[in-house]
Amino acid sequence: MNGVHDMGGQQNMGPVVYEKNEPVFHAPWEGRIYALNRAIRAWRKWSLDTDRHGLELMTPVDYLRMSYYERWVYRLEAQLLQYGLVSKEEIESRKADPGSPKANPALTLATSDRWLNRGIASAHDPTVRPLFRVRQRVRARNINPTGHTRLPRYARGKIGVIVRDHGVYLFPDTNAHFQGEKRQHVYSVRFAAQELWGEHASPRDSVHLDLWDDYLERA
Amino acid sequence: MGETRRGFLKAAVTAAGAAATPDLDRAQAAGQDQPHAQQTVPSDLTLRVKSLESLLVEKGLVDRAALDALVDTMEHKVGPRNGAQVVAHAWVDPAYKKRLLENAPAAIAELGYRSGQGEHMLVVENTPNVHNLVVCTLCSCYPWPVLGLPPVWYKSAPYRSRAVIDPRGILREFGTQLAEDVEVRVWDSTAELRYIVLPERPAGTESMTEEQLAALVTRDAMVGVTKVTFPPSGGNQ
């Protein structure tokens, strides 16, 4: 989706605001919403890719206005509803519907360590063959999907060189939408700064992106 | 129809401007002392999150003890001190550094730090000729096991937008001056791979212990916005 979240190369966003000795969470609610978002995923109703897309679905105005963890509040409420873990009445009243079945938490203190250290959205699969090889010149495809994608706008149509094959990963564009894992190779692709930003960029500098087979074509 | 549409858009844009402008003014006035200065956090978030947690506990969807543990882990168990240990160990042990550059998750696990988000981590090494900078332009990907949760600035629009198009400008903003002939490599974390910068060991630290070295290594240097300095420049964590 060509959303406001795809920020690479945008201008006029202002100076970086730095906070000295920044706490991990600025208020207790930030820690709680962080933990709720992580714990609820143990139900496996959606993937990390779906979670990322949940933020992209916010209106641009909301996305820019809200703090990072406020977006997480918005997203969790939206996804709990969308994937049927709570009802609209429950979200609004903050009370469990009378007679609704009580679940047992998918993530408990006893299982949290194992859950937190398990793999996410990655895969090792020697049966999946790479479509490209290291040192090959490639072009990032000019695609504009309306769903989730991890191919930023600033790289589309640009030519780069593969510097490393990272192995096999799930394809976010389909995995986010429950359309399959579509396992494929991901590569580190080096784009010269001048290829991305024009002749005024430094001739020495580069940006590396991690890109899936489906994002690339021969150049 | 056209007029109505235009009227609607104008109202929407005005509303957006009204919401954004006071924050912008505050951010500019407050400078660096105001966390969250560019964002508005309604005070009812405390209540909203508390009541959401109660609902999910009541329905048996989450376990309070597990939530407590998740928060505790991020506040007390992982953080940039982990990464600093890794960097310092790589500085004093060339064989470890080699393993770290070849297989970061395994080498990091040797020191007892395990992957919590993103199985795969890559360490990119700064040299006199190459400076690395890490960003996630699309969201907030960050090497949790070694650095903890990212700071607000890393997740902010100014950093995410500019790190790829003007990395040298970002570096200058952080007080990092690079010679023209130094190559800047930006790593945009678009997949499930997390990047950590291995900073250069500063001159004058030859006789220091690993522990003393680790105390010099900052979060910012491992993201690549600064270098490790000796004596330490102070400021960041």
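**Stop 1**

Select strands S1 and S5 of chain A: they run antiparallel and are joined by 3 bridges. Strands here are DSSP runs of E with at least two residues, helices are DSSP runs of H or I with at least four residues, and both are numbered from the N terminus. Two strands count as paired if DSSP finds at least two bridges between them. Within this pair, A:Ala140 has A:Leu216 of S5(A) as its bridge partner.

This is a predicted model, in which local features need pLDDT of at least 70 and side-chain atom pairs count only at pLDDT 80 or more, while totals for chains, interfaces and linings use all residues. Residues are numbered from 1 along each chain as its sequence is written, and chains are lettered from A and ligands numbered from 1 in the order in which they are written.

Stay on S1(A), residues 137–140. A:Val138 and A:Ala140 form its covered face, whereas A:Arg137 and A:Arg139 form the uncovered one. S1(A) is also joined to S2(A) by 3 bridges, again antiparallel. There, A:Val138 has A:Gly160 as its bridge partner.

**Stop 2: across the sheet**

Select S2(A), residues 159–169, and S3(A), residues 184–192, which pair in the antiparallel sense over 7 bridges. A:Tyr169 stands opposite A:Gln184 of S3(A).

Which strand of chain B does S4(A) join? S4(A), residues 206–212, is linked to S3(B) by 4 bridges, and these two strands run parallel. A:Val207 stands opposite B:Val186 in S3(B).

Now show the whole sheet. It is open, has 7 strands with mixed pairing, and reads S5(A)-S1(A)-S2(A)-S3(A)-S4(A)-S3(B)-S2(B). S5(A), residues 216–218, and S2(B), residues 130–135, stand at the edges with a single partner strand each, so one side of each has no neighbour in the sheet. From one strand to the next the twist averages 35 degrees; axes are lines fitted to C-alpha atoms, for helices over the stretch in contact, and angles run from 0 to 180 degrees between N-to-C directions.

H9(B) lies across S4(A), S2(B) and S3(B), running at about 145 degrees to S2(B).

**Stop 3: the contact between the chains**

Select the residues of each chain that touch the other: 77 residues of chain B and 79 residues of chain A. Two residues are in contact if their C-beta atoms, placed from the backbone, lie within 7 Å. On the chain B side, elements that give two or more residues include helix H1 (2–30), helix H3 (64–77) and strand S3 (183–188). H2(B) provides the largest share of that side, with 11 residues. By class, the chain B side has 39 nonpolar, 21 polar and 17 charged residues. Ala, Val, Leu, Ile, Met, Phe, Trp, Tyr, Cys and Pro count as nonpolar, Asp, Glu, Lys and Arg as charged, and the others, Gly among them, as polar.

**Stop 4: the nonpolar core**

A nonpolar core is a set of buried Ala, Val, Leu, Ile, Met, Phe, Trp, Tyr and Cys residues joined through C-beta atoms within 7 Å. A residue is buried if 20 or more other C-beta atoms, placed from the backbone, lie within 10 Å of its own, exposed if 12 or fewer, and partly exposed in between.

The largest core has 104 residues, and those with the most contacts inside it are A:Ile33, A:Leu36, A:Ala39, A:Leu211, B:Val87 and B:Val217. H1(A), residues 28–40, gives the most to this core, with 7 residues. Centre on A:Ala39. Apart from neighbours within four places in sequence, A:Ala39 is in contact with A:Leu107, B:Val62, B:Ala66, B:Leu67 and B:Leu70.

**Stop 5: an enclosed helix**

Select H2(A), residues 48–56. Of its 9 residues, 8 are buried, so H2(A) is largely enclosed by the rest of the structure. Among the buried ones are A:Asp49, A:Asp51, A:Arg52 and A:Glu56. The buried residues of H2(A) pack against H4 (68–82) and H7 (172–175) of chain A.
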